[in-house]
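Please read the explanation below with the sequence and the model side by side.

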Amino acid sequence: MVKQEARNNLAKNNWSKAVAITIFYLTLVTSTTFLSQLIQETLKIDLNGKFTSFFSEFTDISINQGVLINSFKNAGTTNIIIYYSFLLLILLLTFVVLLPLSLGFLRFYFSVSKGESPSVSEIFYYFIEKKRFLRALSFGINAALRVIFWTLICILPGIIMITVSTTSFVTNTVSGDSSKYFIIFEIIAMILLVVGYIFLTVIALRYFLSSYLLISREEMSVKDCFKVSFKGMVGHRISVLKLYITFLPWILSCFFVLPILYVIPYFQTAKFICAKWLLAEIEKKDNLNNAPVETFIQ
């Protein structure tokens, strides 16, 4: 039903516009990567070589305490500092420009999900007014902080275990001893990572409605968009997961690049239609239309 409605809505004079803004958006995203590579080439920085060399020297620092200082002296640190300064600037500009643009991109598909035929100018919606622009940045910062926090909670234990395992293996290899516990550590690390990713996916699904709420309810605060989504998605995550799974073959087909222009509009529209139906069901169940948001999120 969701996918059928998505195809029908895109067929209402929306496919050409969807493909156009997808190309525009992807061009901007890839240009940031190209720009960082261009700066790296201009400054003649071989980051992989530098860090591989530095890491190999750093492992021997207990033997020669001067290695760390010499490594920095010989690594062309001036160019590296310049490179990362430019990279930081690019990241800041990317955040300030691409984040509102991303929400405008989603807003276009929000309109399509309602059966409308929006203008491509919708992609610039969050640049028109200062209030909208700041709201978009606030949403991005809140989303980024949540991603970082939950990623650290779910994934960090597995990464720490891998680090401990690798360090133990390297230490025992250098000293001539066999690493008795290396395989055990690696198995535990893999289990922790798999479990961590499962928990991270479950948590991420609870924020599924946040962007839909931000776009559809401009009177709702950014903080409440996340809170309402987090609580409202309880019992509905399986439905969203099923939708994602049905799109898996389409997503894999993007390996051939060209299908991206079909898959992204189709997937984004289907997601917003799914969000629309879920929110309607949640509102009916919890009487959100007549109750203040605070009542629902307590």
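**A walk through the helices**

Leu213 is placed in helix α9. The model shown here is a predicted one. Leu213 counts as buried because its relative accessibility is 0%, and the cut-off for buried is under 20%. In sequence, Leu213 and Leu279 are 66 residues apart, yet their C-alpha atoms are 8.8 Å apart in space.

The protein has 298 residues, of which 36% count as buried.

Asn9 lies in helix α1, which covers residues 2–10. Asn9 has a relative accessibility of 5%, so Asn9 counts as buried. A polar atom of the Asn9 side chain lies 3.2 Å from the backbone oxygen of Ser113.

Asn13 is found in the loop between α1 and α2. With 56% relative accessibility, Asn13 counts as exposed, because the cut-off for exposed is over 50%. The phi angle of Asn13 is near 60°, a positive value in a residue that is not glycine. For comparison, most residues other than glycine have a negative phi.

Helix α2 spans residues 15–42, and Thr22 lies in this helix. Thr22 counts as buried, since its relative accessibility is 1%. Its side chain makes a polar contact of 3.2 Å with the side chain of Tyr109.

The aromatic rings come next. A pair of aromatic rings is described by the distance of the centres and the angle of the planes. How many aromatic pairs does the structure hold? There are 22 of them. In one of these pairs, the ring centres of Phe139 and Phe226 are 5.0 Å apart and the planes are at 20°, so the pair is stacked. The reasoning rests on a cut-off: planes under 30 degrees apart count as stacked. Phe139 is in helix α7, residues 130–175, and Phe226 is in helix α10, residues 222–232. The two are 87 residues apart, and the pair links distant parts of the chain. Both Phe139 and Phe226 are buried.

Phe226 also forms an aromatic pair with Tyr207. Here the centres are 5.8 Å apart and the angle between the planes is 75°, and the pair is edge-to-face. The name follows from the angle, because planes over 60 degrees apart count as edge-to-face. Tyr207 sits in the loop between α8 (182–205) and α9 (210–216).

Other rings are joined into a cluster. Ring pairs link Trp15, Phe208, Tyr244, Phe247, Trp250, Tyr262, Tyr266 and Phe267. Phe267 belongs to helix α13 and counts as buried because its relative accessibility is 16%. Phe267 and Ile251 are 16 residues apart in sequence, and the distance between their C-alpha atoms is 9.0 Å.

Phe247, another member of the cluster, has Lys3 over its face, at 4.9 Å from the ring centre. A second case involves Arg206, which lies over the face of Phe230 at 3.9 Å from the ring centre.

The last topic is empty space. Rolling a probe the size of a water molecule over the atoms shows where empty space is left. The largest pocket holds about 710 Å³ of space. Which residues are the closest to the centre of the largest pocket? Of the 28 residues in its lining, they are Ala143, Ala204, Tyr207, Ser210 and Ser211. Tyr207 is thus a lining residue of the pocket and also a partner of Phe226 in the edge-to-face pair.

The elements that give two or more residues to this lining are α5 (77–113), α7, α8, α9 and α13 (260–286). Helix α7 gives the most, with eight residues. By residue type, the lining of the largest pocket divides into 20 nonpolar, six polar and two charged residues.

Key:
Residues numbered from 1 in each chain as written. Predicted model: local features only at pLDDT ≥ 70, side-chain atom pairs only at ≥ 80, totals over all residues. Heavy atoms only, no water. Phe/Tyr/Trp six-rings, centres within 6.5 Å; stacked < 30°, edge-to-face > 60°. Helix = DSSP H or I, 4+ residues; strand = E, 2+ residues; numbered from the N terminus. Buried < 20%, exposed > 50% of the residue type's maximum accessible area, 1.4 Å probe, protein only. Lys NZ or Arg CZ within 6 Å of the ring centre and 35° of its normal. 1 Å grid on protein atoms, 1.4 Å probe; cavity = no way out; pocket = protein on both sides within 12 Å on 5 of 7 lines; lining within 4 Å. Points joined across faces, edges and corners; volume = space filled by probe spheres on them. Nonpolar A, V, L, I, M, F, W, Y, C, P; charged D, E, K, R; others polar. Polar contact = N/O pair within 3.5 Å; in protein donor to acceptor, adjacent residues only side chain to side chain.
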